[in-house]
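User: I want to learn how to read a structure like this one. Can you take me through it feature by feature?

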Amino acid sequence: MSLFKAEHSLLEAASLFADELMRLGIDNDEARAEARLALSTLMSISYGALPLKQELVLGDKAVDLDRVLKDRRNRRPIQYALGQADFMAQTFWVGEGVLIPRPETELLVDFVSRRLRQLEEDLGISHENVLLVEVGSGSGCISISLLLQFPGLRALVFECSPQAARFSQVNAERHGVADRMELVLADFFQPEPIDLLAKRLFESGCHCFMVSNPPYIDAAEMEELQPEVKHEPELALRGLDADGMGFYRGFAAVLLGVAGKRTDIGSFSEAVAEKKSTDIGSFSEAVAEKKSTDIGLFSEAVAEKKSTDIGSFSEAVAKKKSTDIGRFIAEGKLVEFAFEVGHKQSVPVAEIFAGAGFQHVEVRQDLAGIGRIVAGRLIK
Ligand SMILES: C[S@@+](CC[C@H](N)C(=O)[O-])C[C@H]1O[C@@H](n2cnc3c(N)ncnc32)[C@H](O)[C@@H]1O
């Protein structure tokens, strides 16, 4: 049965919508914010201007508002119901199969943006000489926001989910940055993507700035997700390894490999190059057996692991001789990184990178004092 009528004013509709959400157990503030978001989106009125237009009537949007409410009764997230989400004051197209951009991820964009400006001021490195590398682009919100802020910046973006990659591509086109964003549909922890990363870095002569908001929720917390979050893809949420931090271990290994910073990367690569399967879960398990502060033993961890499912993750790295890839750092190139982390992960993730020899490793907190970003660099 439809609740909303064409003659309902926006004020009446907002109140009815919020009351229905509160009946579902959604708290007052959230329910009112959602009502306002739904109405401003459907009526094409800016969120801020809605209170000035509250005497307008719903008209034929009453049907759409009923459909959105029906979705919300099924706990489908409001952003999926509306087909869009706000991020960094921009609109991103979203739907099933892609993570809804989160406000905390805006902190990461803001951090990277400041860091890019600092590189220019402190080291004279222009953003035009930086290749932004993102793993797990989802809607594309991180890279696209940065490309919009830095007109000379280029991005190499990896996403393993075809649905999510499609959202990245469409959003990049809608925001007019698709020509500066190379999107690769691939599991990052495979030989080809890493080979491509090394190739792009060398051929462009750019410095490397890797960003990611990887899946990081651990197994215990996956059981406690809110009903709305369960509509989002598990691939975007569930971290690797029991503690959810497998992606960071993988990133540390890849960055060390690309930079050629460690001399044992060659033997690590040989150890895994023989393996044929593509199961990256086991790759992380192999690394996780080693303490997070000791990623230097990464290669041994993989070498010891006798299973056949490590994957040929590092064939690409293996093909490069360590003396060859070591050029990157030796030639004065910078490897910079900034990753979003889960609410309990900032210290152990910082330890992974500091223990692996990265410099300037730091944790950035949000306003509530929760460590949200771990950043650092590799430099000669
Ligand atoms: C937490 S979401 C982040 C999405 C987006 N960057 C954001 O911040 O809203 C993580 C993304 O990583 C992708 N992903 C997971 N494993 C991956 C892998 N091995 N290689 C590439 N992408 C991966 C997921 O499909 C998902 O889109």
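User: What percentage of the 380 residues in the protein is buried?

Analyst: Buried residues make up 46% of the 380. Keep in mind that this is a predicted model. The protein has 18 helices and nine strands. Of the contacts with a separation of 6 or more, 71% join residues 24 or more positions apart.

User: What is the average pLDDT of the protein, and where does pLDDT stay under 50?

Analyst: General idea: where pLDDT is low, the predicted coordinates should not be read in detail. Here the average is 85, and 81% of the residues score at least 70. Residues 261-325 stay under 50. For that segment the model has 127 contacts beyond four places in sequence.

User: Next, a helix. What span should H2 have?

Analyst: H2 covers residues 28-43, which is 16 residues. After H2 comes Ser44, with a positive phi near 55°.

User: Which residues of H2 are buried?

Analyst: General idea: an α-helix has 3.6 residues a turn, so residues three or four places apart point the same way. In H2 the buried residues are Ala31, Glu34, Ala35, Ala38, Leu39 and Thr41. They sit on the same side of H2, because their arc around the axis is only 165°.

User: What covers the buried residues of H2?

Analyst: The cover includes helices H1 (10-23), H3 (61-73) and H4 (78-82), along with strand E1 (84-87).

User: Now a loop residue. Is Val341 buried or exposed?

Analyst: Val341 lies in the loop between strand E7 (335-340) and helix H18 (346-355). Val341 counts as buried, because 27 C-beta neighbours fall inside 10 Å; the cut-off is 20 or more.

User: Which residues does Val341 touch?

Analyst: Leaving out residues up to four places away in sequence, Val341 touches Tyr216, Ser346, Val349, Gly371, Arg372, Ile373 and Val374. Take Arg372: it is 31 residues from Val341 along the chain, yet their C-alpha atoms are separated by 5.4 Å.

User: Last, the ligand. How many residues surround it, and which are the closest?

Analyst: The ligand is surrounded by 24 residues. The closest are Gly136, Gly138, Phe188, Asn213 and Ala236. Helix H6 (141-149), strand E4 (154-159) and helix H10 (234-237) each supply at least two residues of the shell.

User: How do the residues of the shell divide into nonpolar, polar and charged?

Analyst: The shell has 15 nonpolar, seven polar and two charged residues.

Note on methods
Residues are numbered from 1 along each chain as its sequence is written. This is a predicted model: local features need pLDDT of at least 70, side-chain atom pairs count only at pLDDT 80 or more; totals for chains, interfaces and linings use all residues. Helices (H or I, at least four residues) and strands (E, at least two) are DSSP runs, numbered from the N terminus. The expected span of a helix is 1.5 Å times one less than its number of residues. A residue is buried if 20 or more other C-beta atoms lie within 10 Å of its own, exposed if 12 or fewer, and partly exposed in between; C-beta atoms are placed from the backbone. The arc is that of the directions from the helix axis to the C-beta atoms. Two residues are in contact if their C-beta atoms, placed from the backbone, lie within 7 Å. A residue is near a molecule or strand if its C-beta atom, placed from the backbone, lies within 6 Å of it. Ala, Val, Leu, Ile, Met, Phe, Trp, Tyr, Cys and Pro count as nonpolar, Asp, Glu, Lys and Arg as charged, and the others, Gly among them, as polar. pLDDT is the predictor's confidence in each residue, from 0 to 100.
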